[in-house]
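Please look over the structure below before reading this briefing. The notes that follow are grouped by topic.

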Amino acid sequence: MTPKEIAWRLLEVVRLKTAEAAFRSGVLGRSYIHDDPSTFRFCIDLESQLPSVPFTLDARDDEIEASLVGIWPALGFDWSWSSDGAVWHRAPDTGRNWPQVFFGKISYRQGNPFGDARVVWEPSRLQQLVTLALIARRYESERARAVDLIVRQLQSWYEANPVACGIHYVSAMECGLRIIAVCFALDLIRPEIIEHSSVWCCAASIVHSHADLIAGRLSLHSSSGNHTIAECAGLIFAGVLFSELRGADRWYAVGLKTLRQEAARQILTDGGGIERATWYHLFVLDLIGLVERLLDSRNHEIPAELTAALERGRAFLAVFAQSPADLPVFGDADGGYALSPFLRLSFETFAAQERLRTFPDMGLTLVRPGDQSRLTLIFDHGPLGMPPAYGHGHADALSLILRDDSGAILVDPGTYTYTGDQRWRHFFRGTRGHNTVLVDGHDQARPETPFMWSRPFVAELVAAERLEHGQVRLLARQTGYRDPGIAHWRGMLFSPEVLVVWDGMRGAGEHRFELNWHLGVDLDWVSENGCICLSDGSETGSEFQSSGSTLVLDAAEMGTLCFAHPAQSGHRRIRLLLSGGKISVHRGDTDPIRGWCSMRYGQKTESTTVSLMHRGQAPHDFLSIFCLTEASVALGDIERSVDWFRRRAF
């Protein structure tokens with residue numbers, strides 16, 4: 001740490017001790033209960049105080065009814081509101097109650113006895129109040145129910161969470177998000193509650209206490225990241241909407257100054273995100289966009305850094321997705337939102353579909369082969385994440401995602417947990433959990449803690465070129481195995497008919513090489529007789545019935561595996577031809593962990609992983625051929641490309 005950061009950390013300790021003393025004496029709590037809502041324009045004005053932002057309430061009828069009775073998904077766990085205030089402290093994942101003590105005394109990191117703090121935080125972001133407000137705006141018949149539940153939940157949270165008491169004050173980011181959600185929810189239903197002074201009193205107290213807490217605990221220096229953006233956004237909203245409060249000018253100035261710096265730093269030149277976690281990139285862009293709309297609505301000058309960052313970031317997103325549901329996930333993703341799952345603020349930019357597009361700073365290349373193909377390949381050749389901790393990055397160098405209109409064929413397995421079982425956290429962010437090569441059982445970087453890596457790899461795209469007939473050829477390398485003396489090269493030939501992946505492990509010595517392919521759909525394994533069939537290359541082939549969760553081809557160093565894509569019309573078959581090792585198929589294995597996906601934080605499901613393993617001397621090659629249609633594959637093209645890859649690997 002730099003001397004400046006050390007001084008900041010020491011000041012944080014002093015502030016925490018001071019806050020604890022004020023909490024124990026009762027002074028801290030009394031500081032925020034006398035705010036008169038009638039003194040704040042936000043609480044008394046009949047006109048909307050917030051800008052219009054694009055929402056798409058595309059919820060099903062059963063989801064709307066669930067919201068109206070207080071049921072809210074807590075990152076894959078069931079959560080249901082009740083008038084019992086203890087519900088805000090009950091862990092959805094374990095059923096245990098988080099302690100209601102000074103927040104600085106709560107053990108919330110991995111290994112704590114209560115659960116995953118991120119899960120219990122989710123309902124207390126109070127973003128469900130925004131959903132209820134949107135329901136009230138759209139459905140007149142449900143307006144009274146929705147407004148009543150907003151009022152009761154907000155008052156319940158306020159009464160159950162005295163200032164600085166409990167798990168919901170641990171994270172300054174959570175406080176920032178809560179400020180924004182409360183303000184938007186109340187503003188959306190303003191005509192129905194304008195005379196409800198107790199609601200506005202709760203809002204004023206929450207904003208005042210939260211902004212003071214954030215201002216003294218900003219995530220700076222090596223802790224800067226998406227947390228910082230959320231904290232700054234919260235300060236700016238508090239400073240603008242409650243300008244009558246003491247400290248409002250300071251909150252606004254500090255928040256805007258820091259946000260300008262972080263927006264310029266965190267949104268890369270090519271529009272990607274510095275943390276290399278695409279879900280958090282969307283989170284950050286939404287927050288910056290909300291601030292921009294707020295400043296514009298109040299005729300405040302919008303800093304050029306914010307405008308430029310949004311332009312870059314939104315152009316990046318538009319290449320990959322048109323909604324959060326379409327966004328390919330690389331790195332950590334906790335399923336959280338800046339304001340609401342129905343917000344579409346960062347998807348107002350549209351981009352023409354390109355056949356080949358590389359983002360060199362983010363380290364992603366997107367390929368759509370041919371003019372009519374609906375296939376998309378996304379190749380990851382970027383850095384580990386944001387230094388020095390690389391906290392939300394995954395050890396996924398040279399991994400890839402392959403998908404079509406029906407969904408993912410090859411998938412990034414997700415995140416699953418942050419502070420739960422360490423084995424699962426390690427798998428989902430480690431190299432074995434991605435579509436790339438593992439050497440000697442080691443990750444491409446060294447895991448130090450659940451949110452820290454050391455010895456980061458360097459990845460580089462060496463070549464990307466278009467060929468004839470819609471073909472694209474890519475070549476990249478990464479240095480994650482420099483300690484055992486191995487350089488990993490990956491070459492790909494991609495067309496509407498075939499994906500060829502060559503993995504060249506260059507170096508010396510004996511090693512254990514493991515290539516994993518994580519299949520993103522529930523596959524119906526097929527062969528001519530309806531069984532799983534692995535061929536050893538002989539005329540008759542060999543059939544193996546599944547035994548337990550793992551299927552192993554014992555006798556061969558080369559094989560063919562056929563499967564069907566059930567979501568496709570007509571059950572389009574995809575053949576996977578593998579060479580260079582022993583084939584095994586895994587589903588739901590736990591020792592070691594293989595054959596799992598987590599499409600939503602907090603949930604994991606069994607999936608299929610095809611592995612290719614070889615123990616022997618380097619150099620060594622793996623070859624994977626995905627035949628994507630029933631059309632014949634031009635073997636000459638494959639042979640020429642593999643030879644081209646090998647000649648350039650050094």
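In this predicted model, the count of disulfides comes to zero.

**Cysteines**

- A disulfide is a covalent bond between the sulfur atoms of two cysteines.
- Cys-201 takes part in no disulfide, and the nearest cysteine sulfur, that of Cys-202, is 6.1 Å away.
- Cys-201 has 22% relative accessibility, so it counts as partly exposed.
- Cys-202 has a relative accessible area of 5% and is buried.

**Aromatic pairs**

- The count of aromatic pairs comes to 25.
- One of the pairs is Trp-98 with Phe-114: the ring centres are 5.0 Å apart and the planes stand at 40 degrees, so the pair is tilted.
- This pair links distant parts of the chain, as Trp-98 and Phe-114 are 16 residues apart. Both residues lie in the loop between helix 4 (61-68) and helix 5 (117-124).
- Are Trp-98 and Phe-114 buried or exposed? Both are buried.
- A cluster of residues is linked by ring pairs: Tyr-416, Trp-424, Phe-427, Phe-428 and Trp-596.

**Charges over rings**

- Trp-424, a member of that cluster, has the charged end of Lys-604 over its ring, 4.7 Å from the ring centre.
- Elsewhere, the charged end of Arg-190 sits over the ring of Phe-42, at 4.9 Å from the centre of that ring.

**Strand 26**

- Strand 26 covers residues 620-627, and eight of its eight residues are buried, so the strand is largely enclosed by the rest of the structure.
- In a regular strand, side chains alternate between the two faces of the sheet.
- Both faces of strand 26 are covered.
- Which way do strand 12 (residues 498-507) and strand 26 pair, and over how many bridges? They pair in the antiparallel sense, over eight bridges.
- Asp-503 is placed opposite Phe-622 of strand 26.
- Strand 19 (residues 573-579) also runs antiparallel to strand 26, and five bridges join the two.
- Leu-577 has Ile-625 in strand 26 as its bridge partner.

Methods: Residues numbered from 1 in each chain as written. Predicted model: local features only at pLDDT ≥ 70, side-chain atom pairs only at ≥ 80, totals over all residues. Heavy atoms only, no water. Phe/Tyr/Trp six-rings, centres within 6.5 Å; stacked < 30°, edge-to-face > 60°. Helix = DSSP H or I, 4+ residues; strand = E, 2+ residues; numbered from the N terminus. Buried < 20%, exposed > 50% of the residue type's maximum accessible area, 1.4 Å probe, protein only. Lys NZ or Arg CZ within 6 Å of the ring centre and 35° of its normal. Pairing = 2+ DSSP bridges. Disulfide = S-S within 2.5 Å.
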